[in-house]
Amino acid sequence: MEFKEVRELLEALCSADGTSGQENCAADTAEKLLAEFMPVSRDALGSVMGRKGEGKGIILDAHIDQIGLVVTGINENGFIKVAKVGGADIRVLTAAQVTIHGKKDIFGVITSVPPHLADEKDEGKALPFDKITIDAGMSKAELAEIVTPGDRITFNGPFDSLMGSRIVSPCVDDRAGVAAILRCLQLLKDKNTCPIEVMFSCQEETGGSGAAAGSFSTLSDEAIATDVSFASAPGVSKEKYRSLGDGALIGFAPSLDYEMSRKLTAIAKERGIKAAPEIMGGSTGTNCDDIQIARGGIKTALISIPIRNMHTAVEVADLSDIEETAKLMAAYIEERSKEYA
Amino acid sequence: MLEMIKELCSLPGISGREEKVREYIISKIDGYCEYKVDNLGNIIAFKKGTDPASKKVMIDAHMDEVGMIVTGIDSDGFIKFEQVGSVDSRVIIGRNVLVGDKGIPGVLGIKPIHLIKKDEEGNIPKNDDLYIDIGAANKEEAEKAVSLGDYIVFESDFVEFGSGFIKSKAIDDRAGCAVLIDIIRSDIPYDCLFSFTVQEEIGTRGAAAAAFDIDPDYAIVVESTTAADINDAKGEDRVCVCGEGCAVSFMDRGTVYSRDLYTRALDAAKELGIKAQYKTRVAGGNNARSIHKSRGGVKTLTLSIPTRYIHSPCCVCKYEDIESVKALVCAMAERLAK
């Protein structure tokens with residue numbers, strides 16, 4: 001099977017839920033996988049922190065949380081009212097299948113209007129968010145035994161293999177990044193490297209608190225964050241965005257460390273790692289923005305994995321891009337280790 | 001019957017491609033009745049009762065489901081399609097589908113929310129802009145897996161949840177098919193005819209031929225109909241209500257029902273203690289549209305399973321309602337055939 005290691009890591013990570021602020025399940029899975037390489041701990045906000053070696057080295061970051069919904073109440077007829085956790089896309093909510101993480105996990109369907117009853121004037125418009133409710137097939141009283149305001153809701157969806165090395169799953173953003181870091185550590189397993197600090201940060205989707213707090217506790221002066229980015233697709237310009245299969249996308253942005261970006265580019269070229277530049281005009285909208293200004297400042301680079309349909313239950317990625325991202329991070333650490341020695 | 005509904009719902013069978021559903025039904029009724037498959041693909045079955053019937057009663061359920069059909073493959077390998085039956089794009093974008101006999105997994109993609117302009121937020125892409133992504137690298141690769149005309153069904157498994165609810169694609173009308181199969185496999189008091197029809201979702205076409213062929217005195221259409229008992233809906237706005245039994249129609253967009261049969265069905269339910277309710281909104285339509293005006297006219301009755309979110313990947317109904325529908329279908333078949 002192609003990209004067996006990455007596939008196994010990603011499938012394990014995607015099968016564990018973890019909306020922002022309630023990352024426990026995904027964080028447990030990631031922590032267990034990370035513990036094979038280094039001692040691990042959990043910080044006050046819930047980020048998974050790992051450290052290999054003493055002193056300064058390189059920080060690797062990916063966020064462990066995913067978008068979802070949160071229970072705000074139950075109406076008289078037993079339908080669950082919700083708010084967004086992160087940027088859930090209103091256009092894909094109706095008829096979605098979900099899991100409500102109450103006292104136990106229960107199944108639910110987001111309500112929708114059948115065409116027989118639809119109002120013509122609403123055609124082409126997503127149902128407004130205040131009309132979004134979840135049908136769990138229970139009465140208010142039955143639900144109250146299981147579900148409490150604050151309980152998180154995740155989108156269900158299979159981890160399916162598409163053609164070639166492409167896969168689809170609901171939380172590729174950013175389990176793909178977590179998988180890339182774990183794969184990078186596999187590649188470096190028997191090698192002598194500089195110290196490596198790993199953060200699987202919580203709460204990226206709700207504003208980056210996890211990365212801000214997490215990087216305060218690190219020691220190193222440089223960091224590479226890996227997150228997902230937009231892949232070209234119908235409506236997403238091929239000229240502006242890279243395609244699935246283009247490899248590791250090396251970020252160039254005013255807020256990113258220019259030397260690191262250039263070094264990553266040079267290493268990719270030298271080692272024959274598939275990569276392409278991704279240019280942004282300001283800050284990056286990723287954990288990099290918080291890591292960069294943590295403590296007295298940390299030099300930060302971003303490597304992105306292109307995906308389609310971001311923030312839906314059908315995020316599509318190419319395993320080859322995750323593998324290339326892992327290879328590029330590993331190569332960078334190998335090269336920099338010579339200078340830390 | 002639950003196991004049978006589960007198996008029936010999992011089969012792909014959009015209008016015009018009901019063959020897998022037909023094979024399954026035949027495997028279940030073979031040996032319990034006489035049957036034939038007509039020119040359109042309808043199954044017409046004759047089941048002998050304990051006694052001959054004085055009136056010919058036809059009981060109908062449709063085999064097809066709504067879905068999509070492949071109409072093109074673009075230069076980047078994305079699949080273009082058209083809806084088969086009435087499917088609102090709002091319930092399919094962002095969903096998983098299976099394409100063709102090989103069941104190639106695909107997804108209905110959408111431009112990420114991050115790249116949408118403020119004033120376009122909440123706008124659903126136009127039908128012509130929808131596409132299915134099977135992960136093909138290009139057109140040539142996609143053509144190896146998918147052909148024009150391939151059918152597309154929702155990837156949505158069967159789930160039992162909540163207090164006695166089930167969720168699946170195609171409950172409309174595989175649950176009705178299961179009711180008919182269950183009756184055929186049991187002993188019935190009077191001779192009866194059954195039709196498992198094709199192409200209901202594209203204009204009740206199969207039933208037109210089946211009704212002509214059977215030439216019944218009475219017809220009972222067993223369906224899955226819209227339950228809008230969701231959110232804050234009250235009273236008759238709910239159309240019908242999950243858990244309140246068999247929905248009986250007096251009028252919909254296709255048929256003005258026989259007042260006589262409507263009244264007799266409600267009376268029978270009351271008399272026999274079968275849970276039943278009115279369908280309280282003139283909406284939708286079903287095979288009764290074709291059957292009631294067949295030949296010189298047929299007195300027709302529709303008995304339905306209240307189903308939430310029909311024509312979406314996630315139809316939801318209550319299992320006990322299917323039992324109520326079956327009980328009332330049996331009671332009415334007996335009373336009408338006598």
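Between chain B and chain A there are 3 salt bridges, each being a side-chain nitrogen of Lys or Arg within 4 Å of a carboxyl oxygen of Asp or Glu. One of them joins B:Arg308 to A:Asp135, with the closest N and O atoms 2.8 Å apart.

A word on the model: it is predicted, so local features need pLDDT of at least 70 and side-chain atom pairs pLDDT 80 or more, while totals for chains, interfaces and linings use all residues. Residues are numbered from 1 along each chain as its sequence is written, chains are lettered from A in the order in which they are written, and side-chain values use heavy atoms, without hydrogens and water.

Now look at the whole interface. Here 61 residues of chain B are in contact (heavy atoms within 4.5 Å) with 55 residues of chain A. The buried area, meaning accessible area (1.4 Å probe) lost on being put together and summed over both parts, is about 5,100 Å², with 58% from carbon and sulfur atoms. B:Arg90, B:Asn231 and B:Tyr309 supply 14% of the area that chain B buries against chain A, more than any other three residues.

Next, turn to chain B itself. The axes (lines fitted to C-alpha atoms over the stretch in contact) of helices H2 (residues 19-29) and H4 (residues 171-184), both DSSP runs of H or I with at least four residues, come within 10 Å and cross at roughly 20°. That makes H2(B) roughly parallel to H4(B), a label for angles under 35 degrees. In this pair, B:Val21, B:Ile25, B:Lys28 and B:Ile29 of H2(B) meet B:Arg174, B:Cys177, B:Ile181 and B:Ile184 of H4(B).

Notes
Axes fitted to C-alpha atoms, helices over the stretch in contact; angles between N-to-C directions. Helix = DSSP H or I, 4+ residues; strand = E, 2+ residues; numbered from the N terminus. Parallel < 35°, antiparallel > 145°, perpendicular 65-115°, else oblique. Buried area = accessible area lost by both parts, 1.4 Å probe.
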